[in-house]
Amino acid sequence: MNCTQVVKFILMGFTDNPELQLTLFAVFLAVYLATLLVNLGIMVLIRSNPQLHSPMYYFLGNLALVDLLYSTVVTPKVLADLVTERPLSYAGCVTQILMFSVFIITDCFLLATMAYDRYVAICHPLRYSVLMSPRLCVQLVSGSYLLGLVNGVGQTIGMLNLTFCGSVVVNQFFCDISLLISLSSSDGTITSRILTAAALLFGVSSSLVVLVSYIAIISTILSIHPGEGQHKAFSTCASHLAVVSIFYGNALFIYLKPRSSRSREEDKWVAVFYTMVTPMLNPVIYSLRNQEVKEALRRLRARK
């Protein structure tokens, strides 16, 4: 029986804690405004400074854009629900799943691309400008967006394969397709297989690129004579490694920890971290650890 025409999704989120709603609204709003400010700031800074027109900052600018977009897919709806709870339509839920699935996998592959960029810079410094040509950089970024789109279409097809009737209460603050499978009135086997295939195809492949790149990077750095060269090599990777650790640390917690040993509330707070906090932290980490970004900021302030 097809009931999708009348279905409404009630996202419980944090509305079961009315005494905390005002506090959570203020905190989430501050985090979102900071996310807008720092990510837009990074994009403007990179675009306006010729000194930052290099592959690493080209990738960083795209990472800032994607972080901003996937935070925007989720956070405004959370803020609206904390003020007044409004059910999400079926079309709205499908759209949120599509957009979030696109941007989260694009983020994965941009991080993998940045790991490869650091590998080339440290392991093949004399050939860097040849290997990381402008054309290849555009292809790598375009490929990241394309793979994100493929993931989004796949998860949307999985969502469209599910049937819902009436109002569906979702104990989460966004449309989480892995949770919706258990709330569906139809067989979710095909959708589960799509999610598993996507996790293996996209998640594992991107993380392997990061892992292999950093094994090679660390091996090369350890072979450098101790001193300034080794310190500089570590410094160029520190920011990216911190961002990767935060991103994949959350993913490992979500997918490797048995569901039986964690609560839905615990899942919510982990989801808050990777949907709201991480997009704010990424550009901050790069700005604090990166001397070129600091220098560009100083030049910008001096001009003003």
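Visitor: In this predicted model, is Cys108 buried or exposed?
Guide: The cut-off for a buried residue is under 20% relative accessible area. Cys108 has 8% relative accessibility, so it counts as buried.

Visitor: Which residue does a disulfide join to Cys93?
Guide: A disulfide requires two cysteine sulfur atoms within 2.5 Å. The S to S distance from Cys93 is 2.1 Å, and the partner is Cys175.

Visitor: How many disulfides does the count come to?
Guide: The link between Cys93 and Cys175 meets the distance rule at 2.1 Å. By this rule the total is one.

Visitor: How many residues apart are Cys93 and Cys175?
Guide: Cys93 lies in helix 3, residues 90-123. Cys175 sits in the loop between strand 3 (167-170) and helix 6 (177-183).

Visitor: Is the link of Cys93 and Cys175 left-handed or right-handed?
Guide: The angle about the S-S bond is -130 degrees. With that value, the link is left-handed.

Visitor: Is Cys175 buried or exposed?
Guide: Its disulfide partner, Cys93, has a relative accessible area of 0% and is buried. Cys175 has a relative accessible area of 4%, and under 20% is the cut-off, so Cys175 is buried.

Visitor: Which residue in strand 2 is the bridge partner of Phe9?
Guide: The open, mixed sheet has three strands in the order 2-1-3, with strand 2 (88-89) and strand 3 at the edges. Strand 1 (residues 8-11) pairs with strand 2 in the antiparallel sense over two bridges. In strand 2, the bridge partner of Phe9 is Leu88.

Note on methods
Residues are numbered from 1 along each chain as its sequence is written. This is a predicted model: local features need pLDDT of at least 70, side-chain atom pairs count only at pLDDT 80 or more; totals for chains, interfaces and linings use all residues. Side-chain values use heavy atoms; hydrogens and water are left out. Helices (H or I, at least four residues) and strands (E, at least two) are DSSP runs, numbered from the N terminus. Buried means under 20% relative accessible area, exposed over 50%, partly exposed in between (1.4 Å probe, protein chains only). Two strands pair if DSSP finds at least two bridges between them.
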